[in-house]
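Student: Could you take me on a close look at the place where the two chains meet? I would like one connected account, with the numbers kept in.

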Amino acid sequence: VLIPVIGFKEAIDHRVGLSEGVLDSTQALNAFLADVERRAYRRALIATANREDALDIVQEAMMRLARHYADRDAGDWAPLFQRILSNAIMDWHRRQKARRAWDRIAGLASFKRPTSEANDGSDGISEEDMVALKHYVENNANDAPSRELMNERAMQALDGALNMLPIRQQQAFLLRAWEGLSVEETAHAMNCSQGSVKTHYSRAVHALRERLEDHRQ
Amino acid sequence: MSKHDGQEERFISSVNKALDKRADDMDSNTLNRLAQMRRCAVQSTQKNSTSVIRTPYWFVSAGAAAVLVVATSIVYFSWYSPQQDQNRIAVIEDINMLSAPDELELYEDLEFFQWLTDEEGVG
């Protein structure tokens with residue numbers, strides 16, 4: 001992935017053809033959204049563990065970008081979109097929190113997080129999935145066909161492990177590690193200080209690795 | 001680079017590969033939904049660009065008010081035209097006449113005498 005090497009914004013510009021000046025603004029916006037939509041959906045899905053909610057979040061982010069920032073310099077879209085998406089995810093999370101609080105008050109409490117509803121395990125990830133995840137992480141270079149099922153379980157376990165992280169840690173990890181944003185860009189996307197980003201990211205990496213270590217023993 | 005950093009880097013690299021794979025292996029239904037949402041978003045910018053030159057709300061309101069004033073004026077002046085005023089006065093006179101049954105005979109006699117005078121004038 002070239003993003004961390006030449007910079008996130010520049011990489012997006014290059015991929016959607018903006019740096020070459022070959023697209024008009026509508027085509028460029030379409031190309032930009034096409035380029036980021038899958039990863040945006042995955043981020044939203046990891047945060048919500050709900051397909052429809054994730055799609056709603058991505059749609060909201062796309063619409064906001066298109067309505068309010070389409071006329072901005074195309075090079076600004078990437079950081080703006082990341083920020084809009086992060087805000088939409090945080091808004092969803094706040095609404096869920098409020099709903100859970102209301103449920104608790106109403107005596108209909110459901111203390112489990114969304115992932116827990118989809119899995120039987122008390123921590124939201126089954127033991128088998130976690131073993132598969134550990135296996136995947138250790139041997140991802142080995143692509144033997146017999147590992148296909150194991151890999152699928154590993155993927156689900158990874159989603160679950162990420163979903164279990166506190167939302168700020170989760171977003172910091174995904175933006176820094178996966179999207180390749182710098183600390184500064186991540187801080188802008190998350191609307192927090194760079195120090196907070198470093199803390200969230202470090203804790204996220206530690207928590208994920210520790211969880212794997214626990215299951216390795 | 002320390003051993004710890006190297007392990008962390010490998011760990012993150014593995015997680016990234018897994019996440020990339022999940023993003024690449026998306027089902028067609030989800031991809032279609034995403035494409036549809038993208039088209040809607042892009043179309044919304046086109047609507048917005050036309051809305052830049054759209055008629056402002058105050059202009060519509062002012063236009064509606066002007067039309068109302070003109071319509072009211074037309075109705076007013078057509079209703080209160082001088083000819084209609086005369087007709088209305090004549091109608092009122094007839095009503096006065098009809099509402100006074102005692103004098104109806106007198107009015108009929110007056111009409112007779114007027115006719116008689118006209119006849120004599122012709123003769």
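Tutor: Between chain A and chain B there are 4 salt bridges. One of these pairs A:Arg39 with B:Asp20, with the closest N and O atoms 3.1 Å apart. Keep in mind that this is a predicted model, so every value here is computed from predicted coordinates. Polar contacts also cross the interface: 10 residue pairs qualify, both partners having pLDDT 80 or more.

The largest share, 11 residues, comes from H3(A). By residue class, the side of chain A that touches chain B divides into 25 nonpolar, 5 polar and 11 charged residues.

Now for the extent of the interface. Chain A puts 41 residues into the contact, and chain B puts in 33. Together the two chains bury about 3400 Å², and carbon and sulfur atoms give 63% of that area. On the chain A side, A:Arg38, A:Trp178 and A:Arg209 supply 18% of the area that chain A buries against chain B, more than any other three residues.

How confident is the predictor? For the complex, the ipTM is 0.71 and the pTM is 0.62. Chain B has an average pLDDT of 76, with 63% of its residues scoring at least 70. Among the elements of chain B, helix H2 (residues 28-51) has the highest mean pLDDT, 85, while helix H4 (residues 82-98) has the lowest, 65.

Chain A has 11 helices and 0 strands. Of its 217 residues, 47% are buried. Among contacts in chain A with a separation of 6 or more, 62% join residues 24 or more positions apart.

A:Ala49 sits in the loop between H3 and H4 of chain A. The C-alpha atoms of A:Ala49 and A:Asn163 are 7.2 Å apart, although 114 residues separate the two along the chain. Is A:Ala49 buried, partly exposed or exposed? Its relative accessibility is 36%, so A:Ala49 counts as partly exposed, since that class lies between the 20% and 50% cut-offs.

Terms used
Residues are numbered from 1 along each chain as its sequence is written. Chains are lettered from A and ligands numbered from 1 in the order in which they are written. This is a predicted model: local features need pLDDT of at least 70, side-chain atom pairs count only at pLDDT 80 or more; totals for chains, interfaces and linings use all residues. Side-chain values use heavy atoms; hydrogens and water are left out. pLDDT is the predictor's confidence in each residue, from 0 to 100. Helices (H or I, at least four residues) and strands (E, at least two) are DSSP runs, numbered from the N terminus. Contact means heavy atoms within 4.5 Å. Buried area is the accessible area (1.4 Å probe) that two parts lose on being put together, summed over both. A salt bridge is a side-chain nitrogen of Lys or Arg within 4 Å of a carboxyl oxygen of Asp or Glu. A polar contact is a pair of N or O atoms within 3.5 Å; within protein, one must be able to donate a hydrogen and the other to accept it, and residues adjacent in sequence count only if both atoms are side-chain atoms. Ala, Val, Leu, Ile, Met, Phe, Trp, Tyr, Cys and Pro count as nonpolar, Asp, Glu, Lys and Arg as charged, and the others, Gly among them, as polar. Buried means under 20% relative accessible area, exposed over 50%, partly exposed in between (1.4 Å probe, protein chains only).
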